[in-house]
Amino acid sequence: MKMRTSLLAAAVLVAGLAVGPSVLPAAASAPAASTATPSPGPALEAAIAGLPSADATAALVRVGGKEGAWRGSSGVHDLRTGRPADPAARFRAGSVTKVFTAAVALQLAQERRLDLDRSARSYLPELIPASYGGVTVRQLLDHTHGIPAPDFPATTVEEAYTNRFQVHDPEGMVRSATSKKPEFAPGERQHYLNIGYTVTGLLIERVTHDSYERQVARRVLGPLGLRDTYFPGTNPRITGPHNHGYQTMRLDDGATGLRDVSVWGSTDGWAAGDIISTTADLERFTNALFKGRVVRGPLLEEMFTLPEVTDFGTGKPAAYSVGLSVKVLGGREVWGKTGGRWGYNAAIASTRDGSRTLVYSVNSTDAKGQGMNRTAESIMVAAYGRP
């Protein structure tokens, strides 16, 4: 069973334009100025003001849609030079990758090359054991599969940093996960984890006889002209212009401070979380996705349909669909996806009708923490309103 959420009414806001960053006396960049009158501009300016701070060293924001546009940037490219953040910088988008993966899977379903109601084991019998034989492709995509997370060699950020160049094999991660007992019966609960999308990436490769990365490039990146979006593979560096990411952790001298974590392998994320992009590219992708130009026809509704189950950890209603999640902000539903890699947080979001879109990158110092980064949360609230 599925339940469809309804779009709520909202007050119309008119967004203004922004100009580029300027340099503060402290060598940090100021938030871009807005020339609008009633708009989210002042709130967004306030949300990204004062960077670098304890929470973030830089922020890039783009608001668009039928209600207008606003662009802003704040903070620094790196703490050593203090030069202004590059608003066109590439960044690690983390789990925003899942939206691309889901879109390709739905395209393949439209082509009848992938059946959402068919078991994952029927496509990958040599990899998925019989104990997970009831897991369907749709359940992989909406996090109702019950497969636990694989084992990794780190439990703290310091241990993760030590192992940052370790290369993770997708098949190996799936074997690690499926060697354990299911968390719950397929379709019974929802638990947001990367592993369902790791399996989906392998399914895409199996049915297309091609690499996951080439399929995303051919089906999404190329047609939309997303020239600054790419998959890093085993390269731990971000190629091209990028603002440095920093993470709070215990340093070599035993003190707690910021460490530059810009160079960090992301093979543990793969089809669930390793994409690198820009705010301009992600805004173009968001607009195309919500207008039905990426996933066409009835299958697009899979991305706006929540499974009728409760969350595994909290008992609250499911919040994740195929590729996206939903929150009610400012009295209206906002669909999108956040992502986090060490030193970087990112998000894409939009109202269902595309009246307001949001893309941000925040160089957060507490990425992958328990709660939402405060700067990122302030941006989301400034763009859409409070929950």
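Modeller: Let's start with Phe304, which counts as buried because its relative accessibility is 4%. Here, buried means under 20% relative accessible area, exposed means over 50%, and partly exposed is what falls in between (1.4 Å probe, protein chains only). Before going on, keep in mind that this is a predicted model, so local features need pLDDT of at least 70 and side-chain atom pairs count only at pLDDT 80 or more, while totals for chains, interfaces and linings use all residues. Residues are numbered from 1 along each chain as its sequence is written, and side-chain values use heavy atoms, with hydrogens and water left out.

Rings of Phe, Tyr and Trp (for Trp, its six-membered ring) pair if their centres lie within 6.5 Å; planes under 30 degrees apart are stacked, over 60 edge-to-face, and the rest tilted. That rule gives 9 aromatic pairs.

One of them joins Phe184 and Phe312, a tilted pair with 5.3 Å from centre to centre and 50° between the planes. Phe184 is in the loop between α6 (170–178) and β7 (189–190), and Phe312 in the loop between β12 (310–311) and β13 (325–329), so this pair ties together parts that are 128 residues apart in sequence. (Helices, H or I with at least four residues, and strands, E with at least two, are DSSP runs numbered from the N terminus.) Phe184 is buried, at 6% relative accessibility, whereas Phe312 is partly exposed, at 32%.

Back to Phe304: its partner is Phe290, and the pair is edge-to-face because the centres are 5.3 Å apart and the planes meet at 70°. Phe290 belongs to helix α9 (residues 279–290) and Phe304 to the loop between α9 and β11 (305–307), so to speak two distant parts of the chain, 14 residues apart. Phe290 is buried as well, with 8% relative accessibility.

Phe304 has another neighbour: Arg352 lies over the face of its ring, 3.7 Å from the ring centre. A charge sits over a ring if NZ of Lys or CZ of Arg is within 6 Å of the ring centre and within 35 degrees of the ring normal. Arg118 does this too, with its charged end over the ring of Tyr123, 4.1 Å from the centre.

Finally, look for Tyr161, Trp264 and Trp342, which ring pairs link into a cluster.
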